[in-house]
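Dear colleague,

I am passing the structure below on to you, and my notes on what was found in it follow directly after.

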Amino acid sequence: MIAYNNNPATVLHDFLESCADEAKQFCVDNGIAYTSFCPPDLNHQNIVEIMPDYQLCFLAGHGDENGIYNENGETVVSTFTTNYCFNGKGFYSIACFCAQNLYPHLKALGLQFFVGYNDTFNVRGEREPFIYSAMAGLKSFLSGDNAEIAKEKMLATYDEQIAALDETDPMAAVELVHNKEALVFECDNGTSCLVNLK
Amino acid sequence: MEEKKFHIIIVDDTMGEKDPFVVELKLNYQKEAIISYFTKVEEALTFVDEHMSEQMVIIMDCRFGSVWQGVDAVKELRKKTSLIYVIMMSANNVNQLSSQDIMSLINMDSIFFIKNTDIEGAKEKIETIRKLWNVRFDCVLEQWLIRHPEDNDKEAFSEASTGKTYTWADILMELRLQTPVGKSFEHKLNEYYIYQLNRSKK
């Protein structure tokens, strides 16, 4: 399930949409069925209805400690919504702060693995290094790697992209280091979990 | 660009500008500092507000005849910034302050304490503060911009959420004012230094 906020009035909507496009492409490349939601259909109800049929929720939008929101500032997934549908599932997010409270909340409801950020997620200059880094874990997961390998590949991608930015845009490298340090990549069963997505 | 002077702000309602304490500090720091004397806390705070982006040491009496007490003024100052160092001074022993005032002072950042006739103590504390400035990020950046004035107007940072760009001179101001942008910038840059130093050892 791929959800994202590409509303033109939303700051960084192009970045959020590009991440979702990557996620869709990974699914296509690996023969994995997906459903996607974007404005005006990006809301909690749509996600709750469809999540029982899917193993993984990918969500790219603006967030805070408690949740992730749509173009109208309405909750898509938060600590204040009913989230039993995430029991046994995975949640891969690109949003500021949501690892702080939303992750423990979903974990308590039986979430199997979580990827998100416990501080701001920043973007500067060229989008590609930020997209590659943020999407590397998902790409690895969808190609069949377990969480341990997906996490390693994601961190390695961050390092590669930071090294490349050091040469071209050091201040963007500063932002990417920040994103890497804010990354929370956790799996309920240690790092050995492998989600059957097909 | 010349070496920038720092401020020494003396706030006391009884001492007077001719007091040896004030005169000695003026003589001792005439090359490096701008020394201002205020008898009213309110005026001193206004001055501080107007110079918040500059390096300052405030030497503040604990007791005033007005409604404002020194401790109250420092509490007010700490709502705005924790970067300005304050040397509290008193004619009385510390144990003559109310326990509430003592607790407030201990719980505040960057506070020193001297007797109000202790000129050598004041100088010693000012030197300690100047050494602390040497290692603080905002002060290192200020020194850098003095040595490399061509960097002042270069873009240092742009805020993704608003698109607003900040030059290095802007960032110095944001750091001194302890704004969210300034705090976040310093945090990210420190993270980056640590990351790079660790990576270079691999």
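A residue is called buried if 20 or more other C-beta atoms lie within 10 Å of its own, exposed if 12 or fewer do, and partly exposed in between, with C-beta atoms placed from the backbone. Tyr37(B) counts as partly exposed because it has 19 C-beta neighbours inside 10 Å.

Please note that this is a predicted model, in which local features need pLDDT of at least 70 and side-chain atom pairs count only at pLDDT 80 or more, while totals for chains, interfaces and linings use all residues. Residues are numbered from 1 along each chain as its sequence is written, and chains are lettered from A and ligands numbered from 1 in the order in which they are written.

Tyr37(B) belongs to strand E2 (residues 33-38) of chain B, strands being DSSP runs (E, at least two residues) and helices likewise (H or I, at least four), numbered from the N terminus. Neighbours within four places in sequence aside, Tyr37(B) is in contact (C-beta atoms, placed from the backbone, within 7 Å) with Ile10(B), Glu17(B) and Val22(B).

As for nonpolar cores, meaning sets of buried Ala, Val, Leu, Ile, Met, Phe, Trp, Tyr and Cys residues joined through C-beta atoms within 7 Å, the largest has 65 residues, of which Ala3(A), Cys19(A), Phe58(A), Leu59(A) and Ala95(A) touch the most other members. Helix H4 (residues 128-142) of chain A gives the most to this core, namely 7 residues. Another core, of 34 residues, lies apart from it and includes Ile10(B), Ala44(B), Val57(B) and Ala73(B).

With best regards

Methods. Two residues are in contact if their C-beta atoms, placed from the backbone, lie within 7 Å.
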